[in-house]
Amino acid sequence: MSAPSWDFSFVYQSLQDPEINNDLLLSKQHLDALAHLSIDEVEGCQRALSLYDSIDTLIQSVSNYAACQSAVDATNEAAKALVIKTDVMQSALTQAFSPFESQLSVCDNAFFDAVMSGSDETGSFDRHAFRFSRMRQHRVFRLSVPEEQLLSATQVDGRNAWGRLYDSITGTAKVSLTLPDGSQEVIGLSQAASLLYGGDAYRREPAWRAIHSAMEKQEITFVAILNALAGGRLAEYQKRSHTKPLHFLAPALEQSRIEQKTLDAMMGVTEKHKALSRRAAKSMAKMFGSDSLAPWDEMAAMPSQDASAPTSYSFEQAIAIIRRAFNSVHPEMAEFVDMMVEQHLIDAAPQPNKVMGAFCTKIAKTRTPLVFMSFGGSMSDVLTLAHELGHAFHNWVMKDMPMVETDYPMTLAETASIFAENVVRDALLEEAESDSDKLLMLWEEAQTAVALMLNIPVRFEFERAFYEQRLQGELTPRQLRNLMSDTWKHWYGDAMSEPNDLFWASKLHFSIAEISFYNYPYLFGYLFSTGVYAQRTSKGERFYEDYKSLLKDTGRMSAEEVALKHLGANLEQPDFWQQSISIAEKRIEAFEALVNKLK
């Protein structure tokens with residue numbers, strides 16, 4: 001089985017499918033109907049909620065379909081045009097619904113309770129209660145309805161356009177690799193990025209340097225994107241600070257549904273143990289015959305211990321590994337993997353114009369999860385596939401819930417994905433018969449610790465410092481490069497041979513238009529999922545149903561509430577985070593011991 005591509009016939013036949021126009025036309029009709037409803041009447045607000053659900057589902061379906069087509073081929077102009085069209089419609093929905101959102105955010109409790117007590121053909125309106133309860137807690141930061149509408153109207157050609165520019169540049173860019181023999185190889189940027197995750201030592205450093213060179217050539221554009229995104233957000237936050245100050249971290253915390261105390265506790269414990277993560281990096285470096293890890297080797301496949309090439313896996317082998325591991329949790333999880341493969345809901349075939357990275361999304365109106373990546377055959381690719389299938393399983397578990405209750409935050413979104421990685425690694429470690437097989441899985445454990453307990457904090461601390469400095473004005477490429485280098489050295493110390501001073505340009509996450517601080521949720525997910533996974537043995541047969549219950553609550557509770565209900569943990573205290581890092585420490589110690597034994 002070669003790496004597959006998507007089959008979208010379950011929803012749309014092509015970008016020219018008349019069903020797309022039908023869905024958008026119905027959305028437009030519902031949008032027009034919103035304008036004739038009264039915000040002062042309970043029935044008007046209830047009807048608005050029904051229409052909102054319907055419109056949002058239809059627009060999301062078309063938008064995600066178009067975005068998927070654009071991700072596979074960044075030169076697909078028709079797909080990109082449709083993405084923009086749905087972006088405009090999403091903005092129109094936000095504007096049309098803004099009066100009702102404002103009303104439900106500031107109205108008295110009696111009116112709010114009356115709205116939530118009603119129902120429509122899909123169920124009770126209390127499906128919206130959690131969402132609006134959060135808004136009511138933060139209503140002090142709301143602007144007037146016309147101001148909120150103006151903000152939404154300007155996002156399409158303002159903030160979001162910067163994100164589209166980044167995607168367009170990186171999706172169509174070609175890079176030139178200078179190979180050790182002096183020859184040149186020109187490949188797509190995403191293809192070069194995938195080499196950093198594989199076992200091709202001959203091309204890996206050339207790929208990293210080619211990417212670095214490409215980022216350097218575009219650094220003026222990329223710094224303009226970051227300055228514009230941050231500057232626009234800061235201007236908005238200043239306007240919202242009409243009653244009390246709104247810190248630039250506050251919107252990200254609300255999107256993540258965590259409190260500042262939780263973030264501080266997590267980062268504090270991680271900072272305290274950065275020496276542990278450096279030990280993992282240094283042991284990885286030892287496998288490459290070095291005292292410190294090179295940046296192009298950080299995410300690479302484990303080097304072979306003999307003259308043979310690193311093990312490569314076919315897509316079929318990867319699926320078999322993941323299916324077997326998921327089955328060890330519950331047969332239903334294995335059946336889910338079968339369904340994803342049989343219905344062609346995974347796009348993993350490398351393509352020259354494919355955008356970088358991996359993600360999971362869904363077609364809202366059919367609740368169909370979709371997985372995207374470029375499969376290169378390394379163990380890292382196997383775990384990336386497991387990670388994204390974990391996300392997809394999360395969506396699948398929630399398929400029968402009200403759509404609004406399936407909108408979980410990034411922090412909790414990483415629970416299922418990293419859980420899936422842990423399941424696969426542990427299954428392979430248990431099956432390992434030789435020290436070299438065990439070493440491979442412990443390598444993945446150590447690599448994950450480095451990525452999430454060093455690299456993610458670098459991203460967070462860099463972005464926080466960037467925003468603090470951006471308050472005083474725009475930053476230059478040199479300032480950003482210096483800031484990234486300083487942050488990199490603070491966390492990696494002597495565990496990395498050189499800093500990646502252009503990481504802010506090459507990492508998509510900094511240029512995502514819709515959200516800032518797209519970083520710490522990965523560390524949260526890693527440590528939180530480790531705490532969840534630790535219950536697998538103690539709960540036994542009860543674990544699977546309890547795990548699904550936890551996943552279902554992620555869209556209707558804060559992270560702190562989920563942790564308290566399902567783990568009995570207080571995330572605002574360091575104890576929970578310390579326990580998870582202690583589990584990671586045992587894995588790192590096992591890796592160190594085996595490296596020392598074999599090297």
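Is the crossing of H2 and H3 left-handed or right-handed?

Modeller: The crossing of H2 and H3 is left-handed, a label used when the near helix is turned anticlockwise from the far one by less than a right angle, with clockwise giving right-handed. Before going on, some ground rules: this is a predicted model, so local features need pLDDT of at least 70 and side-chain atom pairs count only at pLDDT 80 or more, while totals for chains, interfaces and linings use all residues. Residues are numbered from 1 along each chain as its sequence is written, and side-chain values use heavy atoms, with hydrogens and water left out. Helices (H or I, at least four residues) and strands (E, at least two) are DSSP runs, numbered from the N terminus.

Now back to that pair. Two packed helices are described by the angle between their axes and the distance between the axes. Here axes are lines fitted to C-alpha atoms, for helices over the stretch in contact, and angles run from 0 to 180 degrees between N-to-C directions. H2 covers residues 42-72 and H3 residues 77-106; their axes lie 9 Å apart and the packing angle is about 160°. That makes H2 roughly antiparallel to H3 (over 145 degrees is roughly antiparallel, under 35 roughly parallel, 65 to 115 roughly perpendicular, and the rest oblique). Sorted by class, the contact of H2 with H3 holds 17 nonpolar, seven polar and two charged residues. In that sorting, Ala, Val, Leu, Ile, Met, Phe, Trp, Tyr, Cys and Pro are nonpolar, Asp, Glu, Lys and Arg are charged, and the others, Gly among them, are polar.

H2 also passes a simple length check: at 1.5 Å a residue its 31 residues should span 45 Å, and its end C-alpha atoms are 45 Å apart, which agrees. The expected span here is 1.5 Å times one less than the number of residues. H2 is mostly covered, with 24 of its 31 residues buried. Buried means under 20% relative accessible area, exposed means over 50%, and partly exposed is in between (1.4 Å probe, protein chains only).

H12 has 13 residues, 260-272, which should span 18 Å at 1.5 Å a residue, and the 18 Å between its end C-alpha atoms agrees. Its buried residues are Thr262, Leu263, Ala265, Met266, Met267, Val269 and Thr270. An α-helix has 3.6 residues a turn, so residues three or four places apart point the same way.

H12 has a helix partner too. The axes of H12 and H21 come within 11 Å and cross at roughly 75°. That makes H12 roughly perpendicular to H21. In the contact (heavy atoms within 4.5 Å), Thr262, Leu263, Met266, Met267 and Thr270 of H12 meet Tyr520, Leu523, Phe524 and Leu527 of H21. That contact has seven nonpolar, two polar and no charged residues.

H21 spans residues 520-533 and H24 residues 559-567; their axes come within 11 Å and cross at roughly 15°. H21 and H24 are therefore roughly parallel to each other, and H21 passes H24 in a left-handed crossing. Phe524, Phe528, Gly531 and Val532 of H21 meet Ala559, Val562, Ala563 and Leu567 of H24. By class, this contact of H21 with H24 splits into seven nonpolar, one polar and no charged residues.

Arginine 257 lies in the loop between H11 (250-256) and H12. Most residues other than glycine have a negative phi, and most peptide bonds are trans. Arginine 257, though not a glycine, has a positive phi of about 55°. At 12% relative accessibility, arginine 257 counts as buried.
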